[in-house]
Amino acid sequence: MPKKTDAAAKASTKGNMPAFTKEEELYAYKEMLLIRRFEEKAGQMYGMGLIGGFCHLYIGQEAVVTGVHMASKKGDASITGYRDHGHMLIVGLDPKAVMAELTGRKGGLSKGKGGSMHMFSNEERFYGGNGIVGAQVSLGTGLAFAAKYREEDTVSLTYFGDGAANQGQVYESFNMAKLWNLPVVYIIENNKYAMGTSLERAASTTDLSKRGESFGIPGEQVDGMDVRMVRDAAERAIQHAREGNGPYILEMLTYRYRGHSMSDPAKYRSKDEVQSMRSERDPIEQVKARLLENEWATEEELKDMDKDVRAIVSEAADFATNDPEPDADELYTEITV
C-alpha cells in the first residue's frame with residue numbers, strides 16, 4: 001500500500017467529518033456510478049476502434065466533480081481540461097449525446113466535430129473540454145469576469161490538474177482574479193502523476209493549495225476520494241467566491257486508476273499501488289459501505305441501481321454506434337471568419 005502523505009492525512013482528518021443524509025448518499029452513489037460505468041464502456045469502445053483520437057478516462061476521480069456539483073447551484077459555470085466526460089454527466093448532459101460525440105456522430109454534443117476533448121453545452125453552462133494544458137484556467141477566469149461584469153450571482157468552477165498547475169497562464173489568471181476579486185473557484189484535481197511524471201519530480205512545492213498565497217488567494221487541501229469532504233470544502237469555497245470575496249483554491253487529492261489516456265500503459269507506477277487505492281480508497285465503495293452500514297440500502301437494491309445505470313450506458317453506447325456520422329457540409333458550419 002502506498003504511504004499516505006502527511007497532506008492526505010491532514011486533508012482526511014480536517015475538522016469534523018461531514019455527514020450525508022440518506023438521500024445525499026444515494027445521489028452521490030448513483031452519480032458516481034454513472035460516471036464509472038460510462039467511462040468503463042468508453043474504454044471498451046475505444047479498444048474496439050469505435051472511438052478515435054484521444055480518450056482520457058475519469059475512473060477513480062468521481063468524488064471530485066460529484067462533491068463540487070452537490071455544493072454548486074444551477075447557473076454556475078464549469079470548465080475543465082480534456083478529462084471531461086464525468087464533468088459533463090454530472091451537470092445533467094445526456095449520456096447518449098456525450099457518447100455520440102466520442103464516436104464522432106451527428107447526435108453528439110458538438111455534432112461529432114469535437115470528440116472526447118472538445119465538448120460543451122451553453123444550456124448547462126459547461127464550457128469544455130479544452131485540449132491545451134492549462135488553457136481552461138484563463139477561460140474560467142474570464143467566465144468569472146463576465147459574471148461579475150453582468151452582476152450575476154454565479155461562480156466559475158474551474159478545474160485543472162497537477163500537471164497544469166505549473167503553467168504560466170495559471171498564475172497570470174490568479175493575479176487578475178484576485179486583483180478584481182472575481183467569483184472563481186480553482187479546483188486542482190491532483191491525481192499525482194500528471195501525464196506520467198509524479199508531482200514530487202515535477203514541482204518544487206508540492207502543496208498546490210498554497211500556490212495562490214503570493215496573490216492573497218486562500219486555499220486548502222481536500223481528501224478528493226471522499227465525496228463528503230469534497231462537498232464540505234466546495235461549499236466553503238463557493239460561498240467565499242459568491243459573496244464577493246474573490247477566488248479560492250481547492251486542491252483535491254485524488255487518484256486515477258487508468259493511464260493518462262487510453263494510449264498510456266502507465267508503467268511509471270506499480271500495479272500494487274493502483275490496486276491498493278482501488279481496494280482501500282475507492283470513492284464509490286466508500287459510499288456503498290456507508291449505505292449498507294446505515295441500512296439505507298440493501299445489497300439487492302444497490303445491485304438493481306447498478307443494473308439501471310448499466311442500462312443507461314448500454315443505451316448510450318448503442319445510440320453512439322448507430323447514429324449517422326455528420327454530413328460533410330457540417331465541416332463548414334459555425335466557422336467565424
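Which helix holds glutamate 300? Glutamate 300 sits in helix 12, which covers residues 299-322. The model described here is predicted.

## A charged patch

Glu300 also belongs to a negative surface patch.

## Aromatic pairs

A pair of aromatic rings is described by the distance of the centres and the angle of the planes. The count here is 9 aromatic pairs. In one of them, phenylalanine 174 and tyrosine 186 have ring centres 4.8 Å apart. Their planes meet at 55°, so this pair is tilted. The pair links distant parts of the chain, 12 residues apart. Phenylalanine 174 is in helix 7 (residues 168-179), and tyrosine 186 is in strand 3 (residues 184-190). Both residues are buried. They also belong to a cluster linked by ring pairs, together with Phe160, Tyr171 and Phe215.

Another pair joins tyrosine 193 and tyrosine 255. The ring centres are 6.5 Å apart and the planes stand at 80°, so the pair is edge-to-face. Tyrosine 193 lies in the loop between strand 3 and helix 8 (199-202). Tyrosine 255 lies in the loop between strand 5 (248-253) and helix 10 (271-281). The pair therefore ties together parts that are 62 residues apart in sequence. Tyrosine 193 is buried, at 11% relative accessible area. Tyrosine 255 is buried too, at 2%.

## Salt bridges across the chain

Side chains of opposite charge can pair when their charged atoms come close. The model has 23 salt bridges. One of them joins arginine 290 and glutamate 25, at 2.6 Å from N to O. Arginine 290 is in helix 11 (residues 283-293) and glutamate 25 in helix 2 (residues 22-47), so the bridge ties together parts that are 265 residues apart in sequence. Arginine 290 counts as buried at 11% relative accessibility. Glutamate 25 counts as buried at 2%.

Glutamate 124 and lysine 74 form another bridge, at 2.9 Å from N to O. These residues are 50 apart and link distant parts of the chain. Glutamate 124 is in the loop between helix 5 (95-102) and helix 6 (135-149). Lysine 74 is in the loop between helix 3 (62-71) and strand 1 (77-79). Glutamate 124 is partly exposed, at 22%, whereas lysine 74 is exposed, at 67%.

## A bridge within a helix, and a network

Arginine 231 and glutamate 235 meet in a salt bridge of 3.4 Å, N to O. Both lie in helix 9 (residues 227-242), 4 residues apart, or about one turn of the helix. Arginine 231 is buried at 11%, while glutamate 235 is partly exposed at 36%.

Salt bridges also form a network, linking Arg37, Glu40, Asp306 and Arg310.

Definitions and conventions. Residues are numbered from 1 along each chain as its sequence is written. This is a predicted model: local features need pLDDT of at least 70, side-chain atom pairs count only at pLDDT 80 or more; totals for chains, interfaces and linings use all residues. Side-chain values use heavy atoms; hydrogens and water are left out. Patches are made of residues with over 30% relative accessible area and no salt bridge: like charges are joined within 9 Å, nonpolar side chains (Val, Leu, Ile, Met, Phe, Trp, Tyr) within 5 Å. Accessible areas come from the Shrake-Rupley method with a 1.4 Å probe; for residues, only the protein chains shown count as cover. A salt bridge is a side-chain nitrogen of Lys or Arg within 4 Å of a carboxyl oxygen of Asp or Glu. Lys and Arg count as positive and Asp and Glu as negative; His and the chain ends are not counted. The place of a charge is taken as NZ of Lys, CZ of Arg, CG of Asp or CD of Glu. Helices (H or I, at least four residues) and strands (E, at least two) are DSSP runs, numbered from the N terminus. Rings of Phe, Tyr and Trp (its six-membered ring) pair if their centres lie within 6.5 Å; planes under 30 degrees apart count as stacked, over 60 as edge-to-face and the rest as tilted. Buried means under 20% relative accessible area, exposed over 50%, partly exposed in between (1.4 Å probe, protein chains only).
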